[in-house]
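Below are my notes on this model, as numbered points. Please read them with the structure open.

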Amino acid sequence: TPIVVAVDGPAGSGKSSVSKATARRLGWAYLDTGAAYRALSWYVVQRRLDPTDSAAVIDALPDFDYRIGTDPSGEDPANTGVFVGDHDVTDAIREPDVTAVVSAIARVPEVRAFLTQLFRDIVRRSGKPGVVVEGRDITTVVFPDAPVRILLTADESVRIARRSAELIGHSAAHVGEALLRRDAADSRVVDFMNAADGVTTVDSTDLDFDQTVDAVIQV
Ligand code: C5P
């Protein structure tokens, strides 16, 4: 089985881009677990199910046909992007309408168990010596025995500023409010604001992107 580097952190901490760059530098695979929660949310919205109806969401799980690329370079088209059935949902899962319902879906225990199993399978079959796996509960639930476990944090104002820069056309106030609301909802389900025992905190507040990747590689 591949070596796992587990990275958790709140929204806007830079987890995805930093984890991807780390994997690229190591020549390893990269798994964005939030993308799976988002893809399931997209599927629930597309099937016009009520995202707060856990029973309906659980019923939809067996039909959820999901595929995610794990190549961090983006150079292998067969191993890049997020798909649900034949739909390329790579961009759609980042839209605010999907982001708005993801916390409701992620709090369902059956959903978490289903996706956790999927993540372990994807890592096992990655075909790489190691995988950088990024999310909210990777250091604590999905791969608690990973040899490298990191909590990536940054001050709230920095996280909001970074996320606003990504979402062109949305006001910083609105982005900030949505981000804090999502973190509050998510952290009632899993604690990703405090490092668990044995988890190394990397605070990127005063680091630029390359410095943050360096800090993660150092760990
Ligand atoms: O990381 P990202 O912001 O894309 O994650 C989207 C959502 O997926 C989170 O807000 C959270 O509700 C859920 N999530 C989770 N556990 C993970 C990764 C993501 O509950 N390991």
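1. Start with R136. Its charged end sits over the ring of F192, 5.3 Å from the ring centre. The criterion here: NZ of Lys or CZ of Arg within 6 Å of the ring centre and within 35 degrees of the ring normal. R67 and F83 make another such arrangement, with the charged end of R67 4.5 Å from the centre of the F83 ring.

2. A word on the basis. This is a predicted model, with residues numbered from 1 along each chain as its sequence is written. Local features need pLDDT of at least 70, side-chain atom pairs count only at pLDDT 80 or more, totals for chains, interfaces and linings use all residues, and side-chain values use heavy atoms, with hydrogens and water left out.

3. Aromatic pairs come next. The structure holds three of them. Rings of Phe, Tyr and Trp (its six-membered ring) pair if their centres lie within 6.5 Å; planes under 30 degrees apart are stacked, over 60 edge-to-face, the rest tilted. The rings of Y37 and F119 have centres 6.2 Å apart and planes at 50°, so this pair is tilted. Y37 is in helix α2 (residues 33-46) and F119 in helix α5 (residues 109-124), so the pair links distant parts of the chain, 82 residues apart. Helices (H or I, at least four residues) and strands (E, at least two) are DSSP runs, numbered from the N terminus. Both Y37 and F119 are buried. Buried means under 20% relative accessible area, exposed over 50%, partly exposed in between (1.4 Å probe, protein chains only).

4. Now Y43 and F64. Their ring centres are 5.6 Å apart and the planes are at 45°, so this pair is tilted. Y43 lies in helix α2, F64 in the loop between α3 (54-60) and β3 (66-68); the pair therefore ties together parts 21 residues apart in sequence. Y43 counts as buried at 9% relative accessibility. F64 is buried too, with a relative accessible area of 7%. Ring pairs link Y43, F64 and Y66 into a cluster.

5. How many residues of helix α4 (residues 96-106) are buried? Eight of its eleven, so the helix is mostly covered. The buried residues are V98, T99, V101, V102, S103, A104, I105 and A106. What covers them includes α2, α3, α5 and α8.

6. Take the α2 side of α4. The two axes come within 9 Å and cross at roughly 105°. Axes are lines fitted to C-alpha atoms, for helices over the stretch in contact, and angles run from 0 to 180 degrees between N-to-C directions. That makes α2 roughly perpendicular to α4. The classes: under 35 degrees is roughly parallel, over 145 roughly antiparallel, 65 to 115 roughly perpendicular, the rest oblique. Y37, R38, L40, S41, W42, V44 and V45 in α2 meet V98, T99, V101, V102, I105 and A106 in α4. Contact means heavy atoms within 4.5 Å.

7. Then α4 against α8. The axes come within 9 Å and cross at roughly 20°. That makes α4 roughly parallel to α8. The crossing is left-handed. A crossing is left-handed if the near helix is turned anticlockwise from the far one by less than a right angle, and right-handed if clockwise. T99, V102 and S103 in α4 meet R182, A185 and D186 in α8.

8. Helix α8 (residues 172-187) also packs on helix α7 (residues 156-166). Their axes come within 9 Å and cross at roughly 120°. That makes α7 oblique to α8. The crossing is right-handed. E156, R159, I160, R163 and S164 of α7 make the contact with A172, V175, G176, L179, L180, R182 and D183 of α8.

9. Check R48. R48 is in the loop between α2 and α3. Its phi is near 60°, a positive value in a residue other than glycine. R48 is exposed, with a relative accessible area of 76%.

10. D71 is in the loop between β3 and β4 (82-84). The C-alpha atoms of D71 and A29 are separated by 5.6 Å, with the two residues 42 apart along the chain. Leaving aside neighbours within four places in sequence, D71 is in contact with D76, N79 and T80. G34, in helix α2, is partly exposed at 22% relative accessible area.
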